[in-house]
Amino acid sequence: MSSPRRKFKDRFASRLVQVGFLVVVLLLWYLATTRWGVNKLLLPNPLNVWDQLADVIRKGEYLNDLRITLTELAVAFVISTVSGTLLGYAISRSPYLIKVFEPLFAGIYSIPIILFLPLYVLFFGLGPASKIALGTTISFFPVVLSTIAGFGNVDKVLVTAARSMGASDYQLFRFVLVPAALPVILSGLRMGFTVALLSVIGSETIASLAGLGHRIVNLAENMDMARMFAYIVFVIAIAASLNTVVSVLEARGRRQR
Amino acid sequence: MDGAAAAFSVILPDRALRIENLGMTQAAIPDAAIRVRNVSHQFGEVGEARHVRALLNTSLDIARGELLCLIGPSGCGKSTLLNVMGGLFTPTTGAVTVGTTPVHGPMPHDIAFIFQESALFPWNTIFENMILGMTFQGVPKSEREDRARRALEAVGLDEFAAHYPSQLSGGMRQRAALARALSLETQILLMDEPFGALDEQTRMVLGEDLSVLLSRSKKTIVFVTHSLGEAVFLADRVAVFSARPGTIKEVITVDEPHPRKPEFMTSAKFHRLRDQLYGLLHEEIRKSMSQSAKPKRAYEDQAKGDS
């Protein structure tokens, strides 16, 4: 067993390496644009990008695109969470249904569903509806698969023990099945959230009318590289904070079951 | 089902005779805590690869306040019988009554189970496990904490109430499971190889503790084990099973008051009874080993053919 002090030191050291790595990347970026003569249209100066980012935030120009992207993400994630957990639970109640649907869903999950984007645009138009539909489709599978796995693999002896002590159906669900399945379901939800975010922003860059992805492609087409990079940095920051929030919620959910 | 009926009609006359015999030697106990009558149980349907006749026409009376051990070769149906007694399985044929009530499902107010794995909920502390068990059983909220504390004290785990099961050793987990069963204050405890996964020293100490507890509580206990020593040390009577399809071959009485001391284990009486048990079991274990080797291979061949 390592002492807490030692653990802290280890963690501090690895953080230092991570930060150092980022600093080196930034430095190389800076040197590439100022010293090594890389074309500004390919790679703008990072200081320039920083100025543009400050400008984007000060003017509040991002607000409408951010609102659209987050709304698409939220609607897609809520639909896939509700449908995925409900359907997953229903399937997990029957070994026969698990045998039928688990391989089916796992198979569909492994194909690149983004290929259907043109079809979705045809069905739902260029607006948010097609992004929501794609985000829902893609994030549905990790949620439903983890729900089936979570509820399907509850230790039988725990269920038998609860029944022998007189647990009602509701009590069995609330105090045995849910706590047993929750860790698996939560990591499925986290995965679903990540792929929903990816597919919403990704599909915005391919075919859309608005949203952060749309804005980035638009700036690229206008050769406004520094501002485009500023938006990329902005999206990365948003995505990182959302993923952190989701991870924290997942950890808290695991503790409070 | 036709096949099963035919198979039973062939076997029944002979078995019926044996039940009569059993009725003579093991006279029905008046006011028994549990009555098992002509219970047979099979898993799967006849003709299926998984089809197993686990129990055949078993009858047994368990007296109030006694500790009865079920012992037999593995796969002989002793755990099946325990589950049938507790209403966890509905037998294919036959009936079980607890007191005067026919068993048709779990009877949480009369019967508490202890399983080989502790079956404690790993996400709850030991104390929360106690509370949850009583919540399931329907104990009024005001009584739960008090009863949980008393049960934990009885098994010597009061200092570990706030621990999670994973923080305890296997022996302590089984004691916690025993405490949870005791907190339910049922008249009957059904224990399915409760110490089976523990090392021998721990098992012996827990056996002594159980004997002490039992002498105080006057509970009726049915205890499945595959350990000859454990059976003789704990039991008032030991029911010996035949190889599959299992039925009770003979019941041996261990006439020694509880609580039993470790010295009992070195006495001549202990050894005589243990040897007698081994004599009864030896042939059945051979039989069960030879029968389990063949179907298993057949099953594997079939599995290979399927894939």
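Two residues are in contact if their C-beta atoms, placed from the backbone, lie within 7 Å. The model toured here is predicted: local features need pLDDT of at least 70, side-chain atom pairs count only at pLDDT 80 or more, and totals for chains, interfaces and linings use all residues. Residues are numbered from 1 along each chain as its sequence is written, while chains are lettered from A and ligands numbered from 1 in the order in which they are written.

**Stop 1: H9 and H10 of chain A**

Select residues 212-221 of chain A, helix H9, together with residues 225-255 of chain A, helix H10. Helices are DSSP runs (H or I, at least four residues), numbered from the N terminus. The axes of H9(A) and H10(A) lie 8 Å apart, at an angle of about 160°; axes are lines fitted to C-alpha atoms over the stretch in contact, and angles run from 0 to 180 degrees between N-to-C directions. The two helices H9(A) and H10(A) are therefore roughly antiparallel, a term for angles over 145 degrees. On the H9(A) side, show Leu212(A), Arg215(A), Ile216(A), Leu219(A) and Ala220(A); they meet Arg227(A), Met228(A), Tyr231(A), Ile232(A) and Val235(A) in H10(A). By class, this contact has eight nonpolar, no polar and two charged residues. Ala, Val, Leu, Ile, Met, Phe, Trp, Tyr, Cys and Pro count as nonpolar, Asp, Glu, Lys and Arg as charged, and the others, Gly among them, as polar.

**Stop 2: H3 and H6 of chain A**

Next, select residues 63-92 (H3) and 128-152 (H6) of chain A, whose axes come within 6 Å and cross at roughly 35°. The contact of H3(A) with H6(A) divides into 16 nonpolar, 13 polar and two charged residues.

**Stop 3: the contact between the chains**

Bring both chains into view: 16 residues from chain B and 15 residues from chain A make up the contact. On the chain B side, helix H3 (residues 126-137) gives the largest share, four residues. That side of chain B has eleven nonpolar residues, four polar and one charged.

**Stop 4: Cys69 of chain B**

Centre on Cys69(B). Leaving aside neighbours within four places in sequence, Cys69(B) is in contact with Phe223(B), Thr225(B), Ala231(B), Leu234(B), Ala235(B), Val238(B) and Ala239(B).

**Stop 5: Val205 of chain B**

Finally, select Val205(B), in helix H6 (residues 200-217) of chain B. Val205(B) is partly exposed, with 15 other C-beta atoms within 10 Å; a residue is buried at 20 or more such atoms, exposed at 12 or fewer, and partly exposed in between. From Val205(B), draw a distance to Arg147(B), 58 residues apart along the chain: their C-alpha atoms are separated by 24 Å.

Terms used: Parallel < 35°, antiparallel > 145°, perpendicular 65-115°, else oblique.
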